[in-house]
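Open the model in your viewer and keep the selection tool at hand. We will go stop by stop.

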Amino acid sequence: MILSCSNITKSFGTDTVLSRVSFHINEREKAAVVGINGAGKSTLFKIIMGELSADEGEVTWAKGTSVGYLSQHQDLTSHNTIYEEVLSVKADVLRMEERIRGLELEMKNAQGEALERLLSSYTSLNHEFERQNGYACRSEVVGVLKGLGFAEEEFDKQVTALSGGQKTRVALGKLLLSSPDIILLDEPTNHLDMTSIAWLETFLLNYSGAVVVIAHDRYFLDRIVTKVVELYDTHAQTYEGNYSDYAVKKAALREAQLHHYLNQQKEIRHQEEVIAKLRSFNREKSIRRAESREKLLDKMERIEKPVELNAEMNIRLEPRTVSGNDVLTVRGLAKGFGGSPLFTDLNFEIKRGERVAVIGNNGAGKTTILKLINGVLPADAGEIRPGAKVRIGYYDQEHQVLHPEKTIFEEIQDTYPGMDNTAVRNVLAAFLFTGDDVFKRISELSGGERGRVSLAKLMLSEANFLILDEPTNHLDITSKEILENALISYTGTVLYVSHDRYFINRTATRILDLECGTLLNYIGNYDYYLEKKPEVERKYFGFALADAPAAGRSGDRLGNHRQLYSGLSTAGTAAPDGSREGSIRMPKTSDGADAGTTAAPGTAAGSRPGTETGRQDWLQQKEEQARERKRQNDLKKVEAEIELLETRDAELDALLSDEEIYSNPQRLIELNKEKTEIAGRLEALMEQWEALSG
């Protein structure tokens, strides 16, 4: 074990963020910390790193553990270049190299014992230099920088001139090259494109130390981690496996908790009914039994009702009007900036009902395509033609459609004045704005919160063609799942840009890959795209881009190798939609479904009624039903007899108070004997009733 967190508790004022959080990390283990925004993930990391103190609990490290930490926001102020800044991590190795060169010079003029001493030092130092991979340290730095998306022509940029995202990538590069025993990464994929994320995945999978990561990138978590620590409602729960394993286990656990809760509630109601019935018998023994049951009920440890999952909220997007079949036609589209073309002669079509993802490296021009379609930017050349009855709803990364001075509630209600207060609150609750949160001003919101407000407005627009630019940026996993489910059920058309591979995998029916200034078409989801990508690229470029020389490549710019790809924007045969034909369709099964899809849960052969297992289950169910019917019938008979005897007992009480009876000794003895027999029989019946009632 390399790290142990025991009973970590942290509050800010009256708000408890973490409550008795405990988990441990083993050597070489890859783990994720997940939870909704505000669950306390970054707070937990800061406590682990000693940047915040816990109110209670303890963080314990294995002796001699070296730790690396990447926070979400980096403020590097170095005047070094990018290359110099990252290379500085290897300062010890570089000093060792300088000492080796110095010893080589000294040995040229040394003799005898002096030479022997220098030679001994040289041999020892050289051995350590080789052990630390000193001869490859510069190429290692170059490899990491390129892996994180920096082109060689950017290596000489000063760190102070970089954007926040670029600084984060520099900090990440330094951290990875420092090779600590354990790395803590807070949202490391936020500023990486797909190629860089894939590189980081491979790096971390092969990393010899332990890794603990906070990330909303579920595809990344599926590939990297073998343990998930979920922070939920201030507590922590640990699940073995990757993100998909966690999602399945969490759903099963919640289902089991809900089942136990409902069963306990049923038992509580039943016991309350039994207690009330025992008291209604109004006999000393039945009252004592009722009191005994009440004490047991009071001692029962009550199960809390599982909190409703926001991901289960069902948001439906319904266009007001149905568009024509041809939603969008783009021909000969071209755009460049400062004399440098992004792309020329792009051609594609979007049909009604499609959910099309545009993917590609940073700087390829994906967002520019969306802005050209929406008229935010003018095209240099080409035609953009919307189809008949097309109503566009546009979501951009900057959320320019929001009014900073308004509250969240006003932003929705002013845009859709026909909605009453309850309807507005219901929509906002679906996007995780509840209670007084709806009265926050837009100017006070985080980027993720503004994104959710913009998405809420978009959901209500009744547009039939949604154009979304990075809709999952800054959304927590629960919010992403809400959006995914909404888009999957959407009856209109969707065109979006995203780096979220899990989101693409769930929602896309087609992928347009913007590579080398051209669009390659894949009819399928992200997994299908990955499978067919090398085949399609070799078909139209003559090689897979992953096999191409890496030097100088940044985004879709190929640097020193640009000439190798010149003219490719017109390569290949046009697909039916006008994009380059890379559209090998997903194979279909005999029933028309996509190959590789799985049957719905519960339809496995072993559970079908016609199988032997199904027959045994059916017989067992019938036997249980028969036993329950017999119990109910016996209970009714006992209750009926109790009612008859109590009625007769009341009649006897009336008779025994009659002057004519108590003056007749013989009759008095008979009635008292009958009353005693009834009391005995009632006692036996009540015990039987209690046993049958459970």
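Which residues in α5 meet which residues in α7? Select G143, V144 and G147 in α5, then S196, W199 and F203 in α7: these meet, contact being heavy atoms within 4.5 Å. Three of the contact residues are nonpolar, three polar and none charged. Here Ala, Val, Leu, Ile, Met, Phe, Trp, Tyr, Cys and Pro count as nonpolar, Asp, Glu, Lys and Arg as charged, and the others, Gly among them, as polar.

A word on the source: this is a predicted model, where local features need pLDDT of at least 70 and side-chain atom pairs count only at pLDDT 80 or more, while totals for chains, interfaces and linings use all residues. Residues are numbered from 1 along each chain as its sequence is written, and side-chain values use heavy atoms, without hydrogens and water.

Now show all of α5 (137–147) and α7 (194–205). Their axes come within 9 Å and cross at roughly 130°.

Six strands form an open, mixed sheet in the order β5-β6-β7-β3-β8-β9. Select β5 (67–70) and β9 (235–240): these are the edges, each with a single partner strand, so one side of each has no neighbour in the sheet. Neighbouring strands are turned by 15° on average, direction ignored.

Zoom in on β8 (227–232). β8 pairs with β9 in the antiparallel sense over six bridges (pairing takes at least two DSSP bridges). Pick V228: its bridge partner in β9 is Y239.

Last stop: α9 (243–281). Helix α9 packs on the sheet and touches β3 (30–34), β8 and β9. The direction of α9 makes about 120° with that of β9.

Terms used. Axes fitted to C-alpha atoms, helices over the stretch in contact; angles between N-to-C directions. Helix = DSSP H or I, 4+ residues; strand = E, 2+ residues; numbered from the N terminus.
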